[in-house]
Amino acid sequence: MQITYGADKTGLLCGYRFENGAPGVPVDLAEAAAWLRSDTPKGVADFVWLHFNLSDAAAEACIRKHLDAVPEFFEALHAGSRSTRIEDAHDTLIAVVNDVAFEFAFDPAEIASLWLNVGPHMALSARSHPLRSIDRMRDAVKHGKPLASSVAFLNQLLMEQGDVLVHIVRETTVQVDAIEDKFLVGRLHNRRADLGKLRRVLVRLQRLLAPEPGALFRLLRLPPPWISEHDLEAVRQATEEFSLTIRNMSELKERIKLLQEEIAAQVSEQTNQSVFTLTVVTMLALPINIVAGLLGMNVGGIPLADHQHGFFVVVAIIVVFTALAGLYVYRKK
């Protein structure tokens, strides 16, 4: 049976059953629920993965009705905090994972949450907006990628998330390099806003994702009893790689901050130079303005009013005072 993306009226985006390490077999919600409740012996690593769209009003009600999700999962759905966390609730892993939108365009608003309920035989994921990591994983499973266990599903999701972050860091680095090159040759134009946008994206990603390695390390210290040592080692390796990506993101954010400070210093220097030039022009024009103001008074007794060469005398006086003012400014500079 072929399950098409987003076609299920229950809010199910996709469902797969994994048995004996083979590629996933598409299932709908009724088939998955029947398999979970059946008395048929299941392998230690056999599980179903169900991925729901929470923007569908029927999704949460169907999860409550047909699936054995722990109460902490629904509490996480309605919690105000969206920071990344992974907890052990009654030997079931409850996770809130933050990811970027599928059509990510370096906008801080394009970061949303994915909720997970992972047990021995069921991996349940739910999101409100299309997210890149989980959709990449869905596409890989659709094309035959096997998952050895429900923890392997979680580990693969973390690896996909890490790959997405690495791609974001690389794309950001390319953009920062281009802005820095233009800054060095003096052709920066209006790129300060682009730097601010990139920095806001990195700050929000770091704030949301920074708790994830710590949560995973706490989980590794006290894991549920049904998680195998092999799966724990895979999660440990994914956690270390994810921590390295977070550090690279932090370093890139600091680089952007320093570049912003250099640009601000350059703009401040240019502004000071412009103010100084304006001051010099004003100072040089001061003798002209004073003399013109005095001689423009419509009163008697204006000097040189009847002198044959009065105009040239006044011009000479103005030139002398202007030259003296220019010499004074030159020496002060």
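These legends walk through a few close-up views of a predicted model.

**View 1. Tyr 16 and Trp 49, a stacked aromatic pair.** Let us begin with the aromatic rings, which form five pairs in this predicted model. In one of them, Tyr 16 and Trp 49 are stacked, with 6.3 Å from centre to centre and 25° between the planes. This pair joins distant parts of the chain: Tyr 16 belongs to strand S1 (residues 12-18) and Trp 49 to strand S3 (residues 47-53), 33 residues apart. Tyr 16 has a relative accessibility of 6%, so this residue counts as buried. Trp 49 is buried too, at a relative accessible area of 0%.

**View 2. Trp 49 and Phe 153, a tilted aromatic pair.** Stay with Trp 49 and look for its partner Phe 153: the two ring centres lie 5.2 Å apart. The pair counts as tilted because the planes meet at 45°. Here again distant parts of the chain are linked, with Trp 49 in strand S3 and Phe 153 in helix H5 (residues 150-184), 104 residues apart. Phe 153 has 0% relative accessibility and therefore counts as buried.

**View 3. A cluster of linked rings.** Step back from the two pairs to see the group they belong to. Ring pairs connect Tyr 16, Phe 18, Phe 47, Trp 49 and Phe 153 into a cluster.

**View 4. Charged side chains over aromatic rings.** Two places are worth a visit here. At Trp 35, the charged end of Lys 42 sits over the ring, 5.1 Å from the ring centre. At Phe 74, it is Arg 64 that lies over the face of the ring, at 4.0 Å from the centre.

**View 5. The two sides of helix H3.** Phe 74 brings us to helix H3 (residues 71-78), where Phe 73, Phe 74, Ala 76 and Leu 77 are buried. These four residues lie on the same side of H3, because they cover an arc of only 155° around the axis. On the face turned away from this buried side, you will find the exposed residues Glu 75 and His 78.

**View 6. What the buried residues of H3 pack against.** Finally, look at the surroundings of the buried residues of H3.

Key. Residues are numbered from 1 along each chain as its sequence is written. This is a predicted model: local features need pLDDT of at least 70, side-chain atom pairs count only at pLDDT 80 or more; totals for chains, interfaces and linings use all residues. Side-chain values use heavy atoms; hydrogens and water are left out. Rings of Phe, Tyr and Trp (its six-membered ring) pair if their centres lie within 6.5 Å; planes under 30 degrees apart count as stacked, over 60 as edge-to-face and the rest as tilted. Buried means under 20% relative accessible area, exposed over 50%, partly exposed in between (1.4 Å probe, protein chains only). A charge sits over a ring if NZ of Lys or CZ of Arg is within 6 Å of the ring centre and within 35 degrees of the ring normal. The arc is that of the directions from the helix axis to the C-beta atoms. Contact means heavy atoms within 4.5 Å.
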